[in-house]
Amino acid sequence: MSQSKNSRQVGFQGYHRPIHGEPDSELTDTDRGTPCGEYLRRYWQPVAMSSELSDLPLAVELLGEPLVLFRDLSGNLGLLHRHCSHRGASLEYGIVAEHGLICCYHGWHYAVDGTLIRAGSEPEQSPLCKNIVHGAYPTAERNGIIFAYLGPPEHQPEVPVYDTENLEGVTAVPFSITTPCNWLQVYENTQDPIHVLHLHARSSGVQFGEASGLDQEIEYKTTPVGMINVQSRKVGDRLWVRSTESILPNGNQTGAIFEEAETEKYFQRSAVLRWMVPVNNTVTRTIGWRFFSNELDPRGQADPNQVGKEKIDFIGQTEDERPYAERQRQPGDYEAQVSQRSIAVHALENHGSSDAGVVRIRHLLRKQVRALHNGEGLKHSQPVGATISTYIQDSVMPWPRGVSADETTILRNAGERVSNVVIESGEEPSAERKRQILQACNGIAAGQGF
Ligand code: FES
Ligand SMILES: [Fe+2]
């Protein structure tokens, strides 16, 4: 029986409501050969922090592939398929050699590129060495993070460097956090700004800044590298415009964690640059840098000593940090994301207007996944070798003077203007971008253009 438009659905329908559903595997399945798995494999992915590597090999899993990461005695990094090409023993028990790694079981010796240097007790000229190449992937190491490229060698891109990585006065501390659920729900959380108001300010009390709990106007913009959500708030007699960024396929940048918008600032950059990397389809590892500077943390609430393996200096990101009852009373991102099921079922979701960011990031991803799957290739908007411009920023300006428009209109207008400048100035040097943003903010504060 169909319900008329205005009649409310009757309650107690548990028996008729679905409990399970099929995942949106086009975006959630990251195994090799799947559309999304192939898409993610076209980009360098962080695999571990340098500090996790000792003199022993490290068993790792990435995109559903069991691997072993090691540094040989010459200092070269290797990332090999974990199971030996001889008879499958795990190379995590291998012996690190001057060059490469030697399997413990029968002594097969692999170079970091997977070539077989010596097949154990077989003669030195054994045809095995000519005929067998073990699975290996290229690696790159930067600022304490080891990246790997698991895609087809003929499509290997340059290792990207982002414009927020090496800023003066900013210290970068690597971290790595495991979340037992699909990568997409961890990733898309950053395009769900309304959760900051609910989860981090109302449901659990203020978990980050007081100012982040204030009402906000939100809009979304596509950028050359992905998208931003733009949050505009009135904080006392100031106007705060924040952009939170997704860098496709799985990178994120977030602004100052404890921002209170207490002082004027223009084009303040990232507090976190991280990648939500599928370990497999039901485990995600977020690896990245937490950035520290006086500007990002004027009240001294951030703590680099709390950042590293399975830890970060803000609440609600791991299971072990608090007892279950406390996590129930004051849940954080970890509880929200993991409890969406091990793979969230999009078909069972019911979206409202505030889900626009999640809808858009899924749309952008799907477009890319399908383009690659249909043989159209990927769009790389940045010139090879260049530092990649990003669109993360916080700006705080005085509330506009002498404007009769209502608060919502002012916030929307300011968010639009600041984010347009941030995007349009993308190819300019950083100082010039800051100048243009300052100019736009001065115009807003002076009440121009309303
Ligand atoms: S299983 Fe590795 S050398 Fe035999
Ligand atoms: Fe959050």
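1. Two strands are taken as paired here if DSSP finds at least two bridges between them. By that criterion strand β7 (residues 108-110) and β8 are a pair, running antiparallel and joined over 3 bridges, and within β8 the bridge partner of Tyr110 is Leu116. The model under discussion is a predicted one, and the points below should be read with that in mind.

2. The pairing of β7 with β8 belongs to an open sheet of 4 strands, whose order is β5-β6-β7-β8 and whose pairing is antiparallel. The edges are taken by β5 (95-96) and β8 (116-119), and because each of these has a single partner strand, one side of each is left without a neighbour in the sheet.

3. As to the overall division of the protein chain, the domain assignment gives domain 1 (44-155) and domain 2 (171-445), and the C-alpha centres of these two domains lie 36 Å apart. The contact between them takes 12 residues from domain 1 and 13 residues from domain 2. On the side of domain 1 that touches domain 2, β1 (45-49) and β2 (58-62) each supply at least two residues, with the largest share, 4 residues, coming from β1. Sorted by class, that side of domain 1 has 6 nonpolar, 4 polar and 2 charged residues.

4. In soluble globular proteins, nonpolar side chains tend to be buried together. In this model the largest nonpolar core has 77 residues, and the members that touch the most others are Val47, Leu62, Leu69, Leu79, Ala148, Val418 and Ile437. Helix α9 (residues 407-424) gives this core its largest share, 6 residues, while domain 1 (44-155) and domain 2 (171-445) each contribute at least three residues to the core. Another core, of 17 residues, lies apart from this one and includes Leu273, Leu296, Ala302 and Ile312.

5. Val47 deserves a separate look. Leaving aside residues up to four places away in sequence, Val47 touches Val60, Leu62, Leu69, Leu79, Ile146, Phe147 and Ala148. Among these contacts, Leu62, Leu69, Leu79 and Ala148 are, with Val47, listed among the residues that touch the most other members of the largest core.

6. Which residues of helix α5 (residues 194-203) are buried? They include Val196, Leu199 and His200. Seen down the axis of α5, the buried residues fall within an arc of 100°, and they therefore line one face of the helix. These buried residues of α5 pack against α7 (333-338). After α5 comes Gly205, whose phi is positive, near 75°.

Technical notes:
Residues are numbered from 1 along each chain as its sequence is written. Chains are lettered from A and ligands numbered from 1 in the order in which they are written. This is a predicted model: local features need pLDDT of at least 70, side-chain atom pairs count only at pLDDT 80 or more; totals for chains, interfaces and linings use all residues. A nonpolar core is a set of buried Ala, Val, Leu, Ile, Met, Phe, Trp, Tyr and Cys residues joined through C-beta atoms within 7 Å. A residue is buried if 20 or more other C-beta atoms lie within 10 Å of its own, exposed if 12 or fewer, and partly exposed in between; C-beta atoms are placed from the backbone. Domain bounds come from an automatic or database domain assignment. Two residues are in contact if their C-beta atoms, placed from the backbone, lie within 7 Å. Ala, Val, Leu, Ile, Met, Phe, Trp, Tyr, Cys and Pro count as nonpolar, Asp, Glu, Lys and Arg as charged, and the others, Gly among them, as polar. The arc is that of the directions from the helix axis to the C-beta atoms.
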